[in-house]
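Let's walk through this protein and its RNA together.

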Amino acid sequence: MMEALAWIGLDWDEGPKVDDDGSLTARGAYGPYRQSERSALYAAVARRLEAAGHTYRDDRTSEELEAWRAAQRAGGDGGPPVVKASTFERSPEELERSAAEGRPASLRLRTPEDGEVVVTDLVRGEIRFDWATISDPVIERSDGSATYPLANSVDDLAQGIDLVCRGEDLLSVTPRQVLLHELLLGEGLLDDALAEVGLPARDPSFGPVTRFAHLPMVVGPDRKKLSKRHGSVSVQEFRRQGFLPETLRNYLALLGWAPKDGRERLNDDELVAEFDLAAVGRSAAAFDVDKLTAFNGERIRELPAGTLTERLVPHLDGTEGEAALLSSPPTEDELRVLRGLVPLVQERMQRLDEIVDYAGPFLQQEVTLDPDSVAKVFTKAGSYEAIEAAERVLVDVDWTTEAIEAALRALPDELGIGFGKVAQPIRVAATGSSVSPPLFESLELLGRERSLQRLAAAAPQARAARGGG
RNA sequence: GCCCCCGUCGUCUAGCGGCCUAGGACGCCGCCCUCUCAAGGCGGUAACGAGGGUUCAAAUCCCUUCGGGGGUACCA
């Protein structure tokens, strides 16, 4: 995931990071940043919460709880399946007995039995929850490890987080987090715990978490949320397909947000200057690959030719895809061909990986004719005539785009067919396909020798396609 | 089931009581350009989920309803 973020260009100032040699380190002054390295802190906080009476022990197993919830949901006699101290807290005697039997117990946070919590959210405004509908969360597992609610609250406060910005899927979990924050800060529990485990005290500038922003979900075409795992897999996939990271950044920013003036093409500077959490929409946004692709094409067209050439190389030398049309590193000859090709294909590409199909005929000595193109073009009247005439007329022409064009433009008159009809067979013969970069430029780039050789090789095939002769 | 969030063209969105016979972008369709494919230009298609209110006036405010999503873990 960090690799995916790094590629997209979404950087972070503080936190874990992967070094160039692949090892996991960290940067920032408020570490450690891995939860596994902070377990002593979580435990210290938990002990204090417990001592202050904000928690209680629960010795039920996951299976027992699950069964209880299922029964509650189905039967509906004892109310909704909400775990509360009022019905779940064991007496000291029960706990003692249970401990004697060796039953491990988890630690639950005691949340209010009733009343209301109000969460103020930057994108959604005020949201009200009824404490009676919120279960007491387990903050420490029966094996003593901290759960996400505890670790997350402790870390946010200890590390000076003042804006919690996350997906809407965490909205309903916010009340317990707010409560934990009050407890940890209000009674100095966190500061004491920090001191106990020998971690530096909180920076004096650190206040409470002052803002929450729950961003709308980004969903797939099926309207279901994209998971973290799937998300990062597709980032790698986007990379291989030749989407530009700057396209992703631009497109992603537009999911749920739009600038005041409605522009859609925004660069990084404009994005950071204009993006505003308060202007973010509230409904889930579907990720539209077609639109992303169109954006990507526009950006590719804006790239300086030299830059595009460089960014194309990984898609040709096997780094990003299967294709190995270039040596690694590319030879000067190969680069010359690529540089010549770029201006011809730049405006017709939407993804970098499309270069593989375009470049094949130019980087390889031999070309294989696409059967569909052969069937579509060689069977038409004038096909082999055009190819043979092109051979004849191109042998001694100056090998420049202009001269090639002049020579071929003369053929329609001679053959009595339209230029389209003469160009297509020649295109298929030279590039192997009925779809290619502009013909004259392509021939020039191929060189006289290869061009004539391919025309000569294709002529008999065209004759055959026309039904013998 | 219970709790929370959301609901404008197929999709991303603009709209925050009159400027809306609802604007833009992607897609799609047509035309122009044209050596293919693109690019580009021009035009078109298509939406306020439904029902009640409030108001002189509602996509915009309120209620109900329907629909979608999220949560409901000793996952994060």
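How far does a polar side-chain atom of Arg-108 lie from a phosphate oxygen of RNA strand B? The distance is 3.3 Å, a polar contact in the sense of a pair of N or O atoms within 3.5 Å. Before going on, note that this is a predicted model, where local features need pLDDT of at least 70, side-chain atom pairs count only at pLDDT 80 or more, and totals for chains, interfaces and linings use all residues. Residues are numbered from 1 along each chain as its sequence is written, chains are lettered from A and ligands numbered from 1 in the order in which they are written, and side-chain values use heavy atoms, with hydrogens and water left out.

Sugar or linking oxygens of RNA strand B take part too: one is 2.5 Å from a polar side-chain atom of Arg-124, and one is 3.1 Å from a polar backbone atom of Leu-254. Among the elements giving two or more residues to this surface are strand E4 (106–109) and helix H12 (289–302); helices (H or I, at least four residues) and strands (E, at least two) are DSSP runs, numbered from the N terminus.

Of the RNA atoms within 4 Å of the protein, 68% belong to sugar or phosphate.

Now look at H12, whose N-terminal end is capped by Asp-288: a side-chain oxygen lies 3.0 Å from the backbone nitrogen of Asp-290.

Definitions and conventions:
Near = heavy atom within 4 Å. Polar contact = N/O pair within 3.5 Å; in protein donor to acceptor, adjacent residues only side chain to side chain.
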